[in-house]
Amino acid sequence: MRSAYSVETVRAAERALMARLPEGALMQRAAAGLSAACAELLGRVYGSRVVLLIGSGDNGGDALYAGARLARRGAGVTAVLLSPERAHPQGLAALRRAGGVSVVPGAADDAIGRADLVVDGIVGIGGKGGLRPDAERLVEAALRTRVAVVAVDLPSGVEADSGQVRGAAVRADLTVTFGTYKPGLLVDPAREYAGVVRLVDIGLELPAEPELEALQHADVARLLPRPAAESDKYRRGVVGVAAGSGRYPGAAVLAVSGALRGGAGAVRYVGPAAEAVIARFPETLVSDRGPAEAGRVQAWVTGPGAGDDAATVAEVLAAEVPVLLDADGLRLADRDAVRGRTAPTLMTPHAGEAAALLGVAREEVEGARLAAVRELAAVYRATVLLKGSTTLVADAAGGAVRVNATGTPWLATAGSGDVLSGLGGSLLAAGLSALDAGSVAAYLHGLAGRFAAQGAPAGAHDVAECVPEAWRDVRD
């Protein structure tokens, strides 16, 4: 499990640790990890040219001390001081003793143009807003040369807690972060600025519950439902799918495919696309009597391709089993009906649907995804899975938000979300909590998308077919 903590929590842990350590020891730990990562990226330190972009405060100090270590190994190190009077004095002195030099921004172009590596030590984790003009100019100069860029703790210009990018920011090839991940390193849009992220353990003692957590293979493997010797279709979980319409019969087919490939013991289908569903999946149990009369289910999926069928959505929401609400169902559902449910509800909007539910512009959701998913979960008293390049899952009860990064741009194809809905429904029916079902479904769906595409176009049907492969990959 990867865990990310807020700036406030990290700073409190740093203060507690510094009180027990000799002065400067914590910064030296960070600098040692940073210099090792830079050396690894350079390959050959002796004779290499390194430029440090130095702001004020401890972030610049980390970079200066790391630069001193590289200089002692034979690198030519130049520190560009954006605010010379506010540069970390001990770090700057250490760099100069090791043979490094410092310059002001106006004299930095030549050094950046010849650099093998640029280290971003401009702004620390407390930074807000984009880069200032003098820093932006230096970063653009580095970008033009296509030199490798290493960010210290967090790329300057991105916000650590929210993942927002409000202006110009550093695009790093590698981010070396200290103590723990920060939310902005795991959540878009900031995540794409971080490049590869390397965590350096500096000994922080952190609370049990983080702000954000990302499941890894082993975590998902522990959550995967597995049939036992005495399992039957009901013990494995029966999913009800109320989806599709005359205009969108394919949505029903794809949702059913996701449920079946996701391990459901059986799928009951209710809706006008029964012919299309049976033609593709003859094992489906079809009913024409509505959700309440369809027979026993352990969870419902409703909304994909539903058109304007608000009555069916309302009937499903009245059921006393977990419900996954997607697509048209999000628009048709009565907010109070969702809020008043006693059984779990898992909502799965993309950014446009989330924006409509919150009454804001899509760009506002895309720019502040973490805030948006938390607000939706609170407003609807439901677990919310916000789809996107990094899928976020926020629980109705609060706590750590789950983030998933297994997705691929190839999943941006019609019907992919319908497959995810069916997959999530099968996991709800198997007994997983809404938070776990959403998190595992997003993880498997992302892997399936990668397997289906393999660098080439793939449709939603291909993604569904690859869900068992994703399952095996995690299990094995």
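1. Lining of the largest cavity. In this predicted model, Leu215, Thr391, Val393, Arg402, Val403, Asn404, Ser439 and Tyr443 line the largest cavity. A cavity is a set of points, on a 1 Å grid over the protein atoms alone, where a 1.4 Å probe fits but cannot get out, and lining residues have an atom within 4 Å of a point. By class, four of the lining residues are nonpolar, three polar and one charged. Nonpolar covers Ala, Val, Leu, Ile, Met, Phe, Trp, Tyr, Cys and Pro; charged covers Asp, Glu, Lys and Arg; the others, Gly among them, are polar.

2. Elements around the largest cavity. β17 (391-394), β18 (401-404) and α19 (434-453) each supply at least two residues of this lining. The largest share, three residues, is that of β18. Helices (H or I, at least four residues) and strands (E, at least two) are DSSP runs numbered from the N terminus.

3. Size of the largest cavity. Its volume is about 50 Å³, where a volume is the space filled by probe spheres set on the points, and grid points are joined across faces, edges and corners. The count comes to one cavity of 30 Å³ or more.

4. Basis of the values. Residues are numbered from 1 along each chain as its sequence is written, and side-chain values use heavy atoms, with hydrogens and water left out. The model being predicted, local features need pLDDT of at least 70 and side-chain atom pairs count only at pLDDT 80 or more, while totals for chains, interfaces and linings use all residues.

5. Largest pocket. A pocket is an open set of grid points with protein on both sides within 12 Å along at least five of seven lines. The largest pocket has a volume of about 720 Å³. It is lined by 29 residues, and the closest to its centre are Lys387, Gly388, Leu411, Ala412 and Ser416. Two or more lining residues come from each of α15 (351-358), α16 (362-367), α18 and α19. α18 gives the most, with four residues. The lining has eight nonpolar, 13 polar and eight charged residues.

6. Serine 416. This residue lies in helix α18 (residues 416-429). Serine 416 is buried, with a relative accessible area of 3%; buried means under 20% relative accessible area, for a 1.4 Å probe and protein chains only. Leaving aside residues up to four places away in sequence, Serine 416 touches Leu411, His445 and Ala460, a contact being heavy atoms within 4.5 Å.

7. Second largest pocket. The space in this pocket is about 610 Å³. Of its 27 lining residues, Glu14, Met27, Asp58, Asn59 and Asp62 are the closest to its centre. α1 (7-18), α2 (25-42) and α3 (58-72) each supply at least two lining residues, and the largest share, five residues, comes from α2. The lining divides into 11 nonpolar, nine polar and seven charged residues.

8. The chain as a whole. There are 21 helices and 18 strands in the chain. Its C-alpha trace spans about 80 × 45 × 45 Å along the principal axes. Of the 476 residues, 56% count as buried. Among contacts between residues at least 6 apart in sequence, 67% join residues at least 24 apart. The chain exposes about 19500 Å², and carbon and sulfur atoms supply 49% of it; accessible areas come from the Shrake-Rupley method with a 1.4 Å probe.

How values were computed: Buried < 20%, exposed > 50% of the residue type's maximum accessible area, 1.4 Å probe, protein only.
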